[in-house]
Amino acid sequence: MKCPSCAAAAADGAAECPACGVIFAKFEERRRREREAAAAALAQASAPPAPLVDPQLGRTVAVVLAAGWVLAFGYFIFKDYRRRQALREARLSAAQAQFAAPVAVSTAVSAHAVIVDAAGNFSTPSGETLAPPRR
Ligand SMILES: [Zn+2]
């Protein structure tokens, strides 16, 4: 047989190499462990990498973020609706105030103005009521 370490000739069944002194059984055992370690390292290197974030946690965070967006957007829509409603009511009450006090508005414009109220009645700034004109 040949020594697996130095390739020198050795007697068949010998326990160690006469040239380099390696013990064949220990040499083979070391080679076997090295092959196993190399195979394990290769398997680890070719395995898919573990995900950075746990998928379950990722889904939970996504759902929470989506719910937060929906709530924030809904709140914004609600606030905008309330703001527009308040604006509309303010405009309406301002318009109603003008109708409620036509004399004051009208005398500011002209002392000779004829006022037509919302009901279609005519009046003068002094408070005199006039009949609607005939058609
Ligand atoms: Zn040898």
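Two strands pair if DSSP finds at least two bridges between them. I noted this before looking at the sheet. Helices (H or I, at least four residues) and strands (E, at least two) are DSSP runs, numbered from the N terminus.

**Entry 1: the model.** I am working with a predicted model, in which local features need pLDDT of at least 70, side-chain atom pairs count only at pLDDT 80 or more, and totals for chains, interfaces and linings use all residues. Residues are numbered from 1 along each chain as its sequence is written.

**Entry 2: the sheet.** I found an open sheet of three strands in the order β1-β2-β3, with antiparallel pairing. Its edge strands are β1 (115–116) and β3 (129–130), each of which pairs on one side only. I counted two bridges between β1 and β2 (residues 122–123), and these two strands run antiparallel. Ile115 stands opposite Ser123 in β2. From my reading, strands of a sheet pair through backbone hydrogen bonds, either parallel or antiparallel.

**Entry 3: the order of elements.** I listed three helices and three strands in the protein. From the N terminus on, they run α-α-α-β-β-β.

**Entry 4: confidence.** I looked up pLDDT, the predictor's confidence in each residue, from 0 to 100. The protein has a mean of 84, and 87% of its residues reach 70 or more. Confidence is highest in α1, at a mean of 93, and lowest in helix α3 (residues 102–109), at 53.

**Entry 5: helix spans.** The expected span of a helix is 1.5 Å times one less than its number of residues. For the 23 residues of α1 this gives 33 Å, and the end C-alpha atoms are 33 Å apart, which agrees. Helix α2 (residues 55–100) has 46 residues and reaches 67 Å from first C-alpha to last, close to the expected 68 Å.

**Entry 6: burial.** I call a residue buried if 20 or more other C-beta atoms (placed from the backbone) lie within 10 Å of its own, exposed if 12 or fewer, and partly exposed in between. Of the 135 residues of the protein, 1% count as buried. In α1 the number buried is zero, so this helix lies largely in the open. The count is also zero for α2, which is hardly covered.

**Entry 7: Ala19.** Which segment holds Ala19? I found Ala19 in the segment before α1 (24–46). Ala19 counts as partly exposed because it has 13 C-beta neighbours inside 10 Å. Contact means C-beta atoms, placed from the backbone, within 7 Å. Not counting residues up to four places away in sequence, Ala19 touches Cys3, Cys6 and Ala8.

Definitions and conventions. Two residues are in contact if their C-beta atoms, placed from the backbone, lie within 7 Å.
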